[in-house]
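Please read the following briefing alongside the sequence and the model. The points are grouped by topic.

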Amino acid sequence: MPKAEAGTAKHFANQQKAKGLTRLRFYCQVCEKPCRDENGYKCHIESESHMRRLQAITGSKGELAGKVIDGFSQQFQDAFVSLLSRRYGTRRIKANTVYNEYIQERHHLHMNATRWLSLTEFCKHLGREGIVKVEEDEQIPGTWFLSWVDNSPGALARQDALMKLERAKLDDESRQRRFLEEQIRKAHEAAEGNSQGTSAAGAGAGPQESMLMRDENAKPIKIGFGTKLKPPSPPDDKERDNAAPAVAANGDASSSSNPLSASALVLPSADAPSAPGSGLGFKLGMGLRAASKSTAPAAGFNALKAASSKHSAAAPLPTSFGASASAGATSTKAPQRASIVDQIIMDEMEKKRRKEERERERDRGQPKRMRL
Ligand SMILES: [Zn+2]
């Protein structure tokens, strides 16, 4: 029965009916004909139709056979590498896995039509050409691993960009480290300068420390979260106005870089005018601390360090208080934010107070108060 012409309905019907894979060894690439067994294959290559077709593509004396095989080899390599790159990218994969996937297609170009007699030879050829990186398994000799080498312009450009990015990141890091080192150096210098200044001025005669010293006869500082709430923003502005000139007037040699010097001056000025109700000054500090966290996050670094070295014995105030007051005094957006933060803190304090009250009542065994 003659073979159906390509493109005819009969041809498509035959293709659809053909299921499963055939033996790779008994496939005639020239005629694209799979044979069932060795005998069938032998009969086919001796058949007239095969001879005719072979003559047609290799020439009457077979002088073009080499060219034909080269063509098939190139096709096979292209298809194989394209599958490898498309399916696995640059990952390391067993050559046999790729080959098994390649031969899943019924009408693939068979290897026995190429110049390579085995997959190993083909792998070695690919390695020699630099198309893939080839490695042999150390445990199981004869097992080859391939990883595709992506030489496309896009991949090279991407690699270039990645390298640039990495370099930029390193630059950024080193710049940041240098900045931190500079900050630390400045802080050390400032601390040394301050200690020298205080020792030269005499025992406790330094302007900053004397201002922080409390009088023995003064009323005790009341620190509590009571109902005595301070009025909102106007006092803040006033005190900040007081603080700013104080910094400018009394600033010593290190005041330009060290926020601590500002804190040392601001604290008393916030404390002194309101000696009777000194709880007010404390609340102001709380508000400013919250504001400073959002506006000047870097201020804590220097100020904390310097504050611990300077105010260790001067006043029993928390060090962060000094830092926050200084940042609040120097930041420009402080007034509005401070008032909002104050409001929030007041609300929270009120809530906390109510909760404590409730708990106290429960402890006493009193009946629960109805919530309004
Ligand atoms: Zn044939």
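Predicted model: local features only at pLDDT ≥ 70, side-chain atom pairs only at ≥ 80, totals over all residues.

**Aromatic contacts, zinc site and pocket**

Phe122 has a relative accessibility of 0% and therefore counts as buried.

**Aromatic pair of Phe80 and Phe122**

- Across the whole structure, a search finds eight aromatic pairs.
- Phe80, like Phe122, counts as buried, because its relative accessibility is 0%.
- The rings of Phe80 and Phe122 form an edge-to-face pair, with 5.0 Å from centre to centre and an angle of 90° between the planes.
- Because Phe80 belongs to helix H4 (residues 65–88) and Phe122 to helix H6 (residues 119–129), this pair ties together parts of the chain that are 42 residues apart in sequence.
- Both residues also belong to one aromatic cluster, which is formed by Phe76, Phe80, Tyr102, Trp116 and Phe122.

**Aromatic pair of Phe26 and Tyr41**

- Phe26 and Tyr41 form a tilted aromatic pair, in which the ring centres are 6.2 Å apart and the planes make an angle of 45°.
- This pair links distant parts of the chain, since Phe26 is in the loop between H1 and E1 whereas Tyr41 is in helix H2 (residues 38–45), 15 residues apart.
- The C-alpha atoms of Phe26 and Tyr41 are separated by 5.5 Å.
- Phe26 counts as buried because its relative accessibility is 6%, while Tyr41, with a relative accessible area of 23%, is partly exposed.

**Zinc site**

- The zinc ion is coordinated by the SG atoms of Cys28 and Cys31, by NE2 of His44 and by ND1 of His50, at distances of 1.9 to 2.1 Å.
- The arrangement of the four donor atoms is tetrahedral, because the angles they subtend around the zinc ion are 105 to 114°.
- For comparison, the ideal angle for four tetrahedral donors at a metal is 109.5 degrees.
- Along the chain, the donors of the zinc ion follow the spacing C-x2-C-x12-H-x5-H.
- Cys28 and His50 are both buried.

**Largest pocket**

- The largest pocket has a volume of about 860 Å³, and its lining is made up of 20 residues, of which Lys3, Cys31, Glu32, Lys33 and Pro34 lie nearest the centre.
- Helix H1 (9–17), strand E2 (33–34) and helix H3 (48–58) are the elements that give two or more residues to this lining.
- The largest share of the lining, three residues, comes from H1.
- By residue class, the lining of the largest pocket divides into six nonpolar, seven polar and seven charged residues.
- Cys31, one of the residues nearest the centre of the pocket, is also a zinc ligand, through its SG atom.

**Glu32**

- Glu32, which is likewise among the residues nearest the centre of the largest pocket, lies in the loop between E1 and E2.
- The phi angle of Glu32 is near 55°, which is a positive value in a residue other than glycine.
- With a relative accessible area of 45%, Glu32 is partly exposed, because that class covers values between the cut-offs of 20% for buried and 50% for exposed.

Key. Residues numbered from 1 in each chain as written. Heavy atoms only, no water. 1 Å grid on protein atoms, 1.4 Å probe; cavity = no way out; pocket = protein on both sides within 12 Å on 5 of 7 lines; lining within 4 Å. Points joined across faces, edges and corners; volume = space filled by probe spheres on them. Helix = DSSP H or I, 4+ residues; strand = E, 2+ residues; numbered from the N terminus. Nonpolar A, V, L, I, M, F, W, Y, C, P; charged D, E, K, R; others polar. Donors = N, O, S within 2.8 Å, 3.2 Å for Na, K, Ca; no water. Tetrahedral: all angles 85-135°; square planar, octahedral: opposite > 155°, others 65-115°. Buried < 20%, exposed > 50% of the residue type's maximum accessible area, 1.4 Å probe, protein only. Phe/Tyr/Trp six-rings, centres within 6.5 Å; stacked < 30°, edge-to-face > 60°.
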